[in-house]
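Okay, hi everyone. Let me put the structure up, and then I'll walk you through a few spots in it.

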Amino acid sequence: MKKRYRVVVAATALVLIAGACGSDDDGATDTPSAQDEIGEGEGAVSILAWPYYAEDGSQDPNFDWVSKFEADTGCNATVKYFGTSDEAFTLFGTGDYDVVSASGDSSMRSVASGDAAAINTDLLTNYGDIADFLKAQAWNSIDGTVYGVPHGWGANVLQYNSDVVTPAPDSWSAVFDAASPYAGKIAAYDSPIYIADAAVYLMATQPDLGIENPYSLDETQFTAAVDLLKAQKPLLAEYWSDYVAYEDNYRAGSTVMGTSWQIIVNTLQADDPPTAVDSVLPKEGSTAWSDNWMVSSKAEHPNCAYEWLNYITLPDVQAEVASTFGEAPANLKACDSIADHCTQYHADDPAYYEQLHYWTTPTEECLDGRSDVECKDYAEWVAAWTEIKG
Amino acid sequence: MFLSRPARIVLRLFSVAVIAVLYFPLLYVMRLSVATSHGFTWPPSGLTLEHWRSATEASGPRDALGNSLTIAFWATVVALVLGSLAAAALSRYRFFGRNVINLMLVLPLALPGIITGIAFSSGFARLGVDLSRATLVTAHATFCLVIVFNNVSARMRQLSSSLDEASADLGADQLQTFWYVRLPLLASSLLAGGLLAFALSFDEIIVTTFTAEGGFQTLPLWIFQNMFRDTSLPLVNVTATFVVIVMIVPVYVAQRLTDVASGGRT
Amino acid sequence: MGRGLDRDQGLSTSRRRRAARFVSSHRGIRLGGLLAGPLLWLVVAYIGALVALLVTSLFHNETTGIVTTIVTEPGLENYRTIIDTPVYRDVALRTVRAAATVTLIDLAIALPLAFFMAKVASPRSKRRLVIAVTMPLWAGYLVKGYAWRAMLNPESGLLREALGFSPGYGIWGTTITLAYLWLPYMVIPIYAGLDRLPDSLLEASTDLGGKAGRTIRSVVLPLLVPSIVAGSIFTFSLTLGDFYVNRIFGGTTQFIGNNIYSNFGVNLPLAAAFATVPILIMGGYLLAARASGALEEI
């Protein structure tokens with residue numbers, strides 16, 4: 001018995017070690033090419049989405065635009081929600097989902113790892129109506145090959161408690177000022193991508209650094225941004241990621257100022273009684289997010305996936321999603337039905353969006369085109385973020 | 001009683017205070033489930049039954065609850081079977097590696113959930129196994145195993161082997177002995193182990209995050225995903241309150257059964 | 001075997017009896033059969049996955065352009081990074097300190113509570129108390145975490161309004177919340193241990209002249225060591241691996257769990273290397289605990 005036992009253990013161990021030392025995922029060097037046509041629906045589609053992007057009534061009976069999609073196309077949709085871009089990237093990488101609504105800080109990672117397939121925009125019925133400044137950009141395409149279809153976007157605004165913070169701020173210096181009277185009650189966004197916000201501030205305050213693109217930072221520029229954030233930490237009440245909790249902090253008064261999204265401002269103003277907050281796009285401009293639908297390279301239901309892309313970009317669906325989530329719709333025709341919303345969110349306002357730097361995944365190859373230096377890639381942003389938080 | 005009366009009174013007061021603190025957050029959540037104020041802010045205000053009413057229409061929490069119960073059930077069954085087998089082997093026979101196996105059994109529970117989670121997640125990925133209910137049950141059963149194992153082992157140590165010999169003397173073979181003699185005596189430990197394993201699996205979130213398939217939501221996962229939505233937060237509070245209230249009865253019954261099965265005294 | 005009464009004169013039961021006889025006369029088969037299931041499950045499913053994870057920690061990422069691959073050349077760079085980078089060291093130490101603090105707080109609360117439940121309360125109250133202590137486990141970890149978040153708000157939370165101050169959302173807020181969340185896991189093993197302690201032992205100690213304090217110190221606590229260690233295994237490891245509470249509280253405090261989680265998608269080898277820290281700590285803890293017999297009390 002002893003001998004048999006030992007043999008079993010040894011054999012199992014060998015199998016495991018052999019498996020462990022086998023080749024792991026080789027990152028794809030050639031990305032899968034787009035399909036030529038939309039064939040017959042497979043009867044199902046698996047969607048990975050931010051909350052409120054693909055509502056099917058199961059989370060909240062008031063929001064449901066997926067059921068109509070299922071009825072129209074015969075593609076039965078299962079939706080999984082994620083809370084952060086990192087989760088999105090990891091989950092999408094499993095290959096269990098056909099489409100994902102990716103933000104710029106995870107979209108290109110999925111392209112780089114071969115998880116995302118190229119998209120044939122000729123198959124997209126509404127692509128032409130989507131705002132040009134969102135299409136084929138650094139965060140959803142490479143050299144003209146499109147990987148993401150724009151869904152909606154929003155700016156990272158400066159939110160402040162209008163009763164407490166006077167006079168009203170108009171610059172990001174309000175959250176970086178070491179002598180701020182609101183020290184200990186300021187908030188920053190809990191993600192490595194926030195380093196770009198520091199870079200945006202430096203673009204205005206330290207032009208000698210020569211930062212052109214806040215996602216394209218070389219050693220010196222990166223260190224400057226990281227130092228700024230380390231200096232900011234003592235001023236902070238929190239790094240927020242869950243916006244409901246973030247709202248609670250404004251209601252309680254423990255946070256009075258910080259980077260935020262318009263939806264949060266609106267929700268707080270709609271409280272009964274209203275929480276006194278207001279927002280502004282600071283004079284230095286800001287970062288922003290533009291979310292895109294991507295198709296998995298391992299999609300089991302590629303045809304239904306394209307049906308979804310066509311559905312979610314329809315004007316009336318875009319209008320519903322944009323007003324539910326609180327963002328600017330990508331399809332400008334949606335503004336026909338939600339004109340006031342579009343005005344508030346600057347959906348078609350070049351003067352506004354030209355001040356914005358949309359989330360993109362930082363890469364070693366400098367995104368601003370410089371070839372004489374190496375820029376910091378996302379893994380280094382993650383490592384730096386850990387250092388900043390201590 | 002060897003403790004003086006004042007000491008006993010202090011102890012009683014202390015215990016009441018601890019239980020009160022233990023339950024205060026639950027009462028807070030219960031209060032929130034009927035409040036009109038947003039989020040989790042203190043103090044809650046307003047009174048409404050709207051959240052409870054709309055909860056009856058929501059399919060999300062119902063499905064998630066069903067899923068959690070299913071997974072917990074199967075994980076417990078697997079843990080009961082494998083845990084008792086392991087307990088039988090380790091408590092009766094001495095052999096090389098016995099201590100090592102004992103240690104290995106404790107590992108899934110003793111190591112932080114995130115490690116178990118990513119170990120399983122990358123393990124399944126490497127083996128090319130898709131995430132499914134089966135993978136989730138596998139992961140849960142693994143850390144539930146040791147709970148059953150310990151309960152059953154402890155009980156087995158108390159049982160003498162003379163019972164088995166007597167049974168054999170009376171003409172029963174090994175399997176009959178197991179079924180008619182051993183199993184009934186083990187009932188209380190199986191019940192206690194099973195109940196704790198069930199509770200552990202039901203509330204587990206970290207390992208579940210890494211080993212559940214796509215759209216599959218257990219209750220903790222559903223709660224997590226709805227924490228990000230203001231409109232669904234009241235529903236979360238309603239669900240949590242509901243689960244606690246509803247579980248009182250089965251837990252009480254299970255506790256009574258355990259007491260009865262162990263002859264009134266563990 | 002086969003002595004005594006045979007119910008059916010040995011006719012139709014022969015196959016089952018033959019199997020039973022075979023099994024009972026081959027000790028190896030019995031042992032192997034009993035162990036095969038759990039062993040296979042554990043070794044292949046869990047230990048195998050752990051080993052694979054540890055092996056991954058020896059690899060590293062390489063980026064060319066925008067493509068990142070895991071290079072399967074074994075090396076210790078990840079470990080060197082962890083040891084050399086001050087912030088990673090700080091995070092590890094902070095997590096261990098927090099785990100120890102949570103354990104001590106829970107121990108301080110659980111011991112008197114469990115003693116009351118096991119030795120002082122009436123039999124009816126006893127059962128109710130056991131249920132009372134375990135019911136909060138069903139409310140869900142996240143919901144309780146968020147409730148504490150509201151209570152701990154430094155500006156207008158419950159504690160601030162009732163006591164004038166609040167530990168806030170830093171390390172102390174996290175520690176208190178974790179202590180609250182894991183308390184039942186410490187109470188249950190200690191209660192079970194105390195319940196098994198015969199009253200006669202305590203009476204004997206009193207008869208021999210021991211006052212309450214002396215009895216507790218010299219008789220009760222030493223016998224409780226396995227249960228205490230069992231409970232502490234829970235509180236320690238649950239704190240070591242936690243990353244949600246910090247996030248709920250606004251991310252200004254980082255634990256090892258947060259480092260593992262944030263690197264999981266970006267740099268799996270580094271995340272795996274981080275994961276070895278709790279594995280080593282708990283492994284060492286378990287080996288030490290084995291001697292005390294605590295492993296059987298979990």
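**A charge over a ring, and other local features**

Let's start in chain C, where Arg149(C) has its charged end over the ring of Tyr169(C), 5.1 Å from the ring centre. By "over a ring" I mean that NZ of Lys or CZ of Arg is within 6 Å of the ring centre and within 35 degrees of the ring normal. Chain A has such a case too: the charged end of Lys389(A) sits over the ring of Tyr239(A), 5.5 Å from its centre.

Quick housekeeping. This is a predicted model, in which local features need pLDDT of at least 70 and side-chain atom pairs count only at pLDDT 80 or more, while totals for chains, interfaces and linings use all residues. Residues are numbered from 1 along each chain as its sequence is written, chains are lettered from A and ligands numbered from 1 in the order in which they are written, and side-chain values use heavy atoms, with hydrogens and water left out.

Now, rings with rings. How many aromatic pairs does the structure hold over all chains? The count is 45. Rings of Phe, Tyr and Trp (its six-membered ring) pair if their centres lie within 6.5 Å; planes under 30 degrees apart are stacked, over 60 edge-to-face, and the rest tilted.

One tilted pair is Phe198(B) with Trp138(C), at 6.2 Å centre to centre and 40° between the planes. That pair crosses between chains, from helix H8 of chain B to the loop between helices H5 and H6 of chain C. (Helices are DSSP runs of H or I, at least four residues, and strands are runs of E, at least two, numbered from the N terminus.) Phe198(B) is buried at 17% relative accessibility, and Trp138(C) is buried at 5%. Buried means under 20% relative accessible area, exposed over 50%, and partly exposed in between, with a 1.4 Å probe and protein chains only.

Next, Phe224(B) and Tyr244(C): their ring centres are 5.2 Å apart and the planes are at 65°, so this pair is edge-to-face. Phe224(B) is in helix H10 of chain B and Tyr244(C) in helix H11 of chain C, so two chains are joined here. Both residues are buried.

Last, some backbone in chain A. Thr166(A) and Pro167(A) are joined by a cis peptide bond, with omega about -5°. Pro167(A) is in the loop between strand E8 and helix H5. Asp143(A) isn't a glycine, yet has a positive phi of about 50°, and this residue is exposed, at 80% relative accessible area.
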